[in-house]
Every structure is written in C-alpha cells, then in structure tokens.
Amino acid sequence: MSDAADDLSRPNLRPPIRVLPDLLINQIAAGEVVERPASALKELLENSLDAGATRIDIDLAAGGIKRLRVADDGCGIAFDELPLAVARHATSKIAVPEDLARVVSLGFRGEALASLASISRLTLQSRPRGAAHAGRIEVTGATASAPEPAALAEGTVVTAEELFFNTPARRKFLKSEPTEFGHCEDVVHRIALSAPGVAFTLTHNGRRVFQVERGSAEARARTVLGAAFAEAAVEVSSGSGTPFALHGWAALPRYS
C-alpha cells in the first residue's frame with residue numbers, strides 16, 4: 001500500500017482546530033434553548049413571571065413559527081440595558097458563584113433572548129416602571145441595532161418572527177401548524193396553572209383561544225382543567241412551614 005493510502009487510513013487526520021464564528025456559536029446555543037416555538041414561548045413566559053408581571057398577553061401566528069409575541073406588565077428593562085438583554089450570558093439574576101445555590105427565579109443563565117434572537121427576527125421593547133420613556137432594540141440573526149426610543153406602556157414586549165429563518169435544516173423538522181400550536185397551548189396552560197395570580201390571554205391567528213383572569217389556585221385549576229376534573233379532585237397539602245412544601249389537587253382514580 002502506498003504512503004498516500006496510509007495517510008488516508010489514519011484515523012487522526014482532521015481539519016485544523018479553529019474558533020467558531022459568533023453566529024454559529026449562537027445558533028448552536030439556540031438549539032439548547034429553542035427546540036420549537038413552544039420552548040421559546042416557555043422561556044419568554046418565565047421571563048415575564050420573573051419580572052413580576054400580573055398580566056401576560058400571548059399572540060401567535062402559524063403555530064408560533066411566523067410570529068411569537070409576549071407582552072407583560074412586569075418591571076421592564078432600562079433603556080441602556082437593552083443591548084445586554086439580548087447578549088449571551090447577561091443576566092440580573094446571579095452575580096457570584098454563591099448565587100447559584102440560592103436561585104429563586106425561573107431562569108438565570110441569560111440565554112433565552114440571545115438564543116431566540118440568533119434564529120429569528122426579534123424585537124424587544126420595554127419601559128421600566130416609573131420611567132418616562134420606553135426603548136426598543138431589534139436583532140436579526142444575532143446582529144443587534146442600537147437602542148432607540150419607543151412608545152409603550154410600562155412592561156415589556158418581545159416579538160420573534162420567522163423562527164429558524166436562517167437555519168432551514170432545523171425549521172424543516174417542525175411539525176404542522178396545528179401541532180406546533182398545540183405544544184404552545186399546552187405550555188400556556190401549564191404556566192397559567194402555576195401562576196393563578198397572573199392573568200393570561202392567548203391569541204392564535206387573530207382569534208382569542210384562551211383567557212383567564214387573576215384568582216385563586218382552585219379557580220384557576222377549574223378554569224384550565226375543567227369542571228369534571230375539579231369535581232373529581234381532592235386537595236393535597238404537605239410540608240407547610242418547611243423548606244419544601246407540596247400543594248395542589250389530584251384527581252381520583254375514577255377520573256383518570
């Protein structure tokens with residue numbers, strides 16, 4: 001066998017090691033956070049809850065693929081922090097290693113908006129409580145514009161359009177519009193169940209499909225899961241006053 005053939009058979013032949021470009025790094029990171037519209041929606045809803053929102057409005061088009069918009073009345077983001085909000089590993093929720101042991105928020109890595117921005121056309125608008133003006137920043141494929149003034153009530157609006165427009169190989173793995181919307185609807189129901197003190201509306205293709213107002217946990221469970229579940233459920237409560245407590249409702253076997 002020739003020397004050339006020997007070279008071709010060596011298992012350690014490979015291209016040179018190189019540093020990945022930022023765009024590719026962001027798209028790989030996005031794959032860990034944004035698998036489909038529903039996973040992006042979950043991240044945005046959790047951000048809204050962490051911001052202390054009492055009302056969250058969700059507007060989807062084409063199952064969330066064409067448009068995914070979440071508006072809340074939370075604490076908002078300061079104008080000069082908008083570029084950081086869409087940057088990777090930028091967060092207000094942890095600062096030192098010890099903070100990792102006492103995380104009490106739903107998200108803390110600072111990856112959600114950056115990952116979503118890298119695979120969509122994202123617009124972030126926000127006005128902190130008490131601020132005189134709102135700000136706006138646009139990101140397309142992880143390339144951000146400069147922040148500019150905007151008109152908005154207190155709170156934050158995140159709009160992501162054309163999910164995976166720049167990663168067609170990933171977009172083709174998405175299911176049909178009704179299937180993707182079904183996943184989104186399930187996320188909204190689950191989060192609405194966990195946050196009875198927050199009002200939610202869900203609109204799809206211009207039609208409102210879900211709406212709940214603020215209320216008790218029992219009323220929220222009845223609204224989301226239905227009267228049949230409520231009538232067949234028993235309240236579960238354990239560990240009150242301890243570091244870990246469990247509270248909720250479990251359906252009796254005849255219902256299941």
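Predicted model: local features only at pLDDT ≥ 70, side-chain atom pairs only at ≥ 80, totals over all residues.
How do the two partners stand towards the surface, buried or exposed or partly exposed? Arginine 88 has a relative accessibility of 31%, so it counts as partly exposed. Glutamate 111 is at 5%, and because buried means under 20%, glutamate 111 counts as buried.

Some salt bridges share partners: Lys66, Glu162 and Arg171 are joined in this way into one network. A search of the whole structure finds 12 salt bridges. As a general point, side chains of opposite charge can pair when their charged atoms come close.

Next, arginine 36. Which residue does arginine 36 pair with in a salt bridge? The partner is glutamate 180, with 2.9 Å between the closest N and O atoms. Arginine 36 sits in the loop between α2 and α3, the latter being residues 37-50, while glutamate 180 belongs to helix α7, residues 177-194, so parts that are 144 residues apart in sequence are tied together by this pair. Arginine 36 and glutamate 180 are both buried.

Now aspartate 50, which forms a salt bridge with lysine 93; here the closest N and O atoms are 2.8 Å apart. This pair also links distant parts of the chain, since aspartate 50 is in helix α3 and lysine 93 is in the loop between α4 (82-85) and α5 (112-118), 43 residues apart. As for accessibility, aspartate 50 has a relative accessible area of 26% and is partly exposed. Lysine 93, at 30% relative accessibility, counts as partly exposed too.

Which residues make the nonpolar surface patch of about 240 Å²? They are Leu20, Leu24 and Ile28. Of these, leucine 24 has its place in helix α2, which covers residues 22-33. Leucine 24 has a relative accessible area of 34%, so it is partly exposed. Patch residues need over 30% relative accessible area, and the 34% of leucine 24 is the value to set against that cut-off.

Note on methods. Residues numbered from 1 in each chain as written. Heavy atoms only, no water. Patch = residues over 30% accessible without salt bridge, like charges linked within 9 Å, V, L, I, M, F, W, Y side chains within 5 Å. Areas by Shrake-Rupley, 256 points an atom, 1.4 Å probe, with all protein chains shown as cover. Salt bridge = Lys/Arg side-chain N within 4 Å of Asp/Glu carboxyl O. Helix = DSSP H or I, 4+ residues; strand = E, 2+ residues; numbered from the N terminus. Buried < 20%, exposed > 50% of the residue type's maximum accessible area, 1.4 Å probe, protein only.
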